[in-house]
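Reader: I would like a close look at one part of this model, the hairpin and the strands that pair around it. Please set that part in the context of the whole chain, and give the cut-offs behind each term.

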Amino acid sequence: MGQADARVLTDKSAIRDAATVIVLRDAATRPRVLMGQRGKDAAFLPSKFVFPGGAVDAVDHSIPLAAPARPDCAAALARDSDIDPAALIAAATRELWEETGLLVGAPDQRAQALHAPQGWRGYIATGHLPDGESARFLFRAITPPGRPRRFDARFFLIDAGSLRNDPDDLSRAEDELAHLHWVALDTVRGLDMPFITEVVLAELAAQLDGRATQGVPFFDNRADVSRFWRL
């Protein structure tokens, strides 16, 4: 374990790399995204509706990808970042599996021989590995200073057509997120969401409508003064 790894485990205000997954369905008709509600006693964003996601674990760096990220996605993930893009995609895949029971990835024979670490055993047992080609890098945001937890979160967009199981079967989900359901973009504003989630949804809507500016938006809150730019 390196010094940075040790720090994020002991200092809860340290910025920790994270991956968040926006699963989109019915994009051509009435777009919907999958969201759930965090517990009221959660230390970070209690009671808020969010996308599935969480911190990158050390084991995520050891999971091979069935296919690497697309070149444009990998390049954007690597800008102003020292974490392997493959670990971010692996973390996104794992978090989606854990929090929703939904499987994204590609069948890969290497999964059969892989000694899966804890947290990955159920996923690897399906015979799949994370698929970088299915993930699109949509947004990046760092939690502002002064919050009880801080994350450098990369938001990945995945089309529900890439899922390997039934998008309406959420019975395998763990209990971290309650009220998991598909929410139409034209009604999502009625949910109690963090500000950054609203901003990400606005970016998604702009991209679906062809109004988005080129580049991946980045809310950079590493310093006391926030900076917004595009990767």
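Author: In the hairpin formed by β1 and β2, where six residues lie between the strands, D26 adopts a positive phi near 55 degrees. Strands here are DSSP runs of E of at least two residues, helices are runs of H or I of at least four residues, and both are numbered from the N terminus. The model is a predicted one, in which local features need pLDDT of at least 70 and side-chain atom pairs count only at pLDDT 80 or more, while totals for chains, interfaces and linings use all residues. Residues are numbered from 1 along each chain as its sequence is written, and side-chain values use heavy atoms, with hydrogens and water left out.

D26 is located in the loop between β1 and β2, and its positive phi of about 55 degrees is found although D26 is not a glycine. With a relative accessible area of 32%, D26 is partly exposed; buried means under 20% relative accessible area, exposed means over 50%, and partly exposed is the range in between, computed with a 1.4 Å probe and with protein chains only. Another non-glycine residue with a positive phi of about 55 degrees is H179, but H179 is found within a strand, β9 (residues 177–184). H179 counts as exposed, at 54% relative accessibility.

Two strands are said to pair if DSSP finds at least two bridges between them. Strand β2 (residues 32–38) runs antiparallel to β1 and is joined to it by two bridges, with V33 in β2 as the bridge partner of L24. Strand β4 (residues 53–55) is likewise antiparallel to β1, through three bridges; here A18 stands opposite A55. Strand β8 (residues 150–159), by contrast, runs parallel to β1, and ten bridges join the two. A18 takes part here as well, standing opposite A153 in β8.

Strand β7 (residues 136–142) pairs with β8 in the antiparallel sense over six bridges, and F139 stands opposite F155 in β8.

As for the whole protein chain, there are six helices and eleven strands. The radius of gyration is 17 Å, close to the 17 Å that the globule rule gives for 231 residues, so the chain is as compact as a globular protein of that length; the radius is taken over C-alpha atoms, and the rule is 2.2 Å times the number of residues to the power 0.38. Along the principal axes, the C-alpha atoms fill a box of roughly 50 × 45 × 40 Å. Of the 231 residues, 49% count as buried. Among contacts with a separation of 6 or more, 68% come from residues 24 or more positions apart, where contact means heavy atoms within 4.5 Å. The chain exposes about 11300 Å², of which carbon and sulfur atoms supply 49%, with areas from the Shrake-Rupley method and a 1.4 Å probe.
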